[in-house]
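Dear colleague,

I am passing on the structure below, with notes on what came out of going through it. Please read them beside the coordinates.

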Amino acid sequence: MIEIKNLRKSFADKTVIQDVTATMKAGQCNLIIGSSGSGKTVLMKCLVGLFQPDSGQILYDGKDFVTMTDEDRKDIRKEIGMLFQGSALFDSQTVEQNVKFPLDMFTKDSHAEKLKRVNEVLERVKLVDANKKFPSELSGGMKKRVALARAIVLNPKYLFCDEPNSGLDPQTSLIIDKLIQEVTTEYNITTVINTHDMNSVMEIGNYILYMYQGNKEWEGSNKEIIFSKNKRLNEFIFASDFLRDAKEMRMLEESGKIPEDRNMDDMIK
Amino acid sequence: MSIFKDLGRYLTMLKGMFQRPENAKMYWKEFMRQCSDIGIGSLGIVCIISIFIGAVSTLQTAYQLVSPIIPPSTIAQIVRDTVILEFAPTLTCIVLAGVVGSKIASELGNMRVSEQIDALEIMGINTKSYLVAPKILAGLLMIPFLVMLAMVLGIWGGRLAGSMTGILNTDLFDKGLRQSFVPYNVFFALAKSYTFAFIIASVPAFYGYYVEGGALEIGKASTKAVVVSCILLLFADYILSALLL
């Protein structure tokens, strides 16, 4: 579990994160959403230690990540896996070497054991026969899978995903979302996902934190978000007429009052 | 103010390298990869430049020494000292600042921009000691070797040009090589090459490691790294000559 308490971060005289408090539980997908410039990337970078917050606490299972020593931080970081927006695969290494890298660095397993583990995780992310390929030979979706495999190869307790669907087609996005959700529940990982993809929000958002201009504007689940009365959140998630109509339909469905003259085909037209 | 800020960040980067490696075997592998990249990767250009510089030195020295009272073997003596004192260490290192420096800056810059450095940091790896230190150590090991090779090939190039053009035969050249040889000159050349090696590896590493932006900034950082390295090389060359000669 990751607890964020009164987190604040500013750059020069601009405050980017203002007193954000949230709890992200293990075994579920915790999503940080918000429009561009809302502070979600900075928040995630504070969580993984790439930025040092000005004040507040980040508790990894009760241990304060902000005030701990560098050595203690290293121990926590070994329990963190991260999937980057651009995959961040090492260009000069093959898929197998990329995934094996954390094992080489942090374990004393034999080469055969490491290879076995690499193949296990590659199979887990449904990527076979790509071991000897270089990142430049892979599609965007395949790169994301390799990055996910590398992120989970050490069985992390915490998984961070920075816009995992960016640059992917809707179908591949869905596959990546499902994979993240599956590994999260399977290994009981605390997964934090930074996204503005509404499909992901509706599909895998067990906990959603909506950021607006550096503040926590709303929190809840994917079941609650659609019925939220928060004006800013609604402006963000129902940016298109199609989604607004979908919400209307859903609410009518819930109340059992679907008008006979409206259906999904009308909305699409 | 920017120069002091850069100097501070540069020193902080160097200080950050001195930490216990997470896995010595992986650091060793990275060090060996850098040795291969810097040493073997630059071998061809160093050989070509050295041979031609030596050859041109012989021809130009012979062209200038027209006095009948100066024995022809003096040409070899001048070529030897010029190559050992200046051409092999300085010229080779200026070329290496371009070849190796731009490679180091663009490699680290690309890793920074594509978040590979962030990925390593999040894994709990000290990127300064894993990415920067092996490059500097490999430079300190390989560049003096390349400079020594440049000395030998430069003199051999001069000898070859002398005999091919008929300016002086190989026996006379060899005789000149042995005249008034000062072993301290080799020590001086090596002292220069170690200093230059540190500049060639650490300055581009600094510009690459702290690059911000995209592909355009990587190119700018790479160019800046080479320019600053070359200026620092020439400055260090002057200081060392003033101090040690």
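The expected span is taken as 1.5 Å times one less than the number of residues, and helices (H or I, at least four residues) and strands (E, at least two) are DSSP runs numbered from the N terminus. α5(B) bends by about 35 degrees at B:Ala133, with a proline, B:Pro134, following within four residues; the bend is the angle between axes fitted to the seven residues ending at a residue and the seven starting there. After α5(B) comes B:Gly166, whose phi is positive, near 80 degrees.

Please keep in mind that this is a predicted model, in which local features need pLDDT of at least 70 and side-chain atom pairs count only at pLDDT 80 or more, while totals for chains, interfaces and linings use all residues. Residues are numbered from 1 along each chain as its sequence is written, and chains are lettered from A and ligands numbered from 1 in the order in which they are written.

Chain B as a whole has 8 helices and 0 strands, and its C-alpha trace spans about 70 × 40 × 30 Å along its principal axes. Of its 245 residues, 42% count as buried, that is, with 20 or more other C-beta atoms, placed from the backbone, within 10 Å of their own.

The largest nonpolar core has 124 residues, of which A:Ala149, A:Phe160 and B:Ile200 touch the most other members. Helix α3 of chain B, residues 73-113, gives the most to this core, with 17 residues. Such a core is a set of buried Ala, Val, Leu, Ile, Met, Phe, Trp, Tyr and Cys residues joined through C-beta atoms within 7 Å. Leaving aside neighbours within four places in sequence, A:Ala149 is in contact (C-beta atoms within 7 Å) with A:Val99, A:Val121, A:Leu122, A:Val125 and A:Leu127.

Where the two chains meet, the contact takes 15 residues from chain A and 13 residues from chain B. On the side of chain A that touches chain B, the largest share, 4 residues, comes from α3(A).

Finally, the UniProt record, an unreviewed entry, annotates residues 2-238 of chain A as "domain: ABC transporter", and such annotations may be inferred rather than shown by experiment. This span is 38% helix and 25% strand, and its end C-alpha atoms lie 29 Å apart.

With best wishes

Note on methods. A residue is buried if 20 or more other C-beta atoms lie within 10 Å of its own, exposed if 12 or fewer, and partly exposed in between; C-beta atoms are placed from the backbone.
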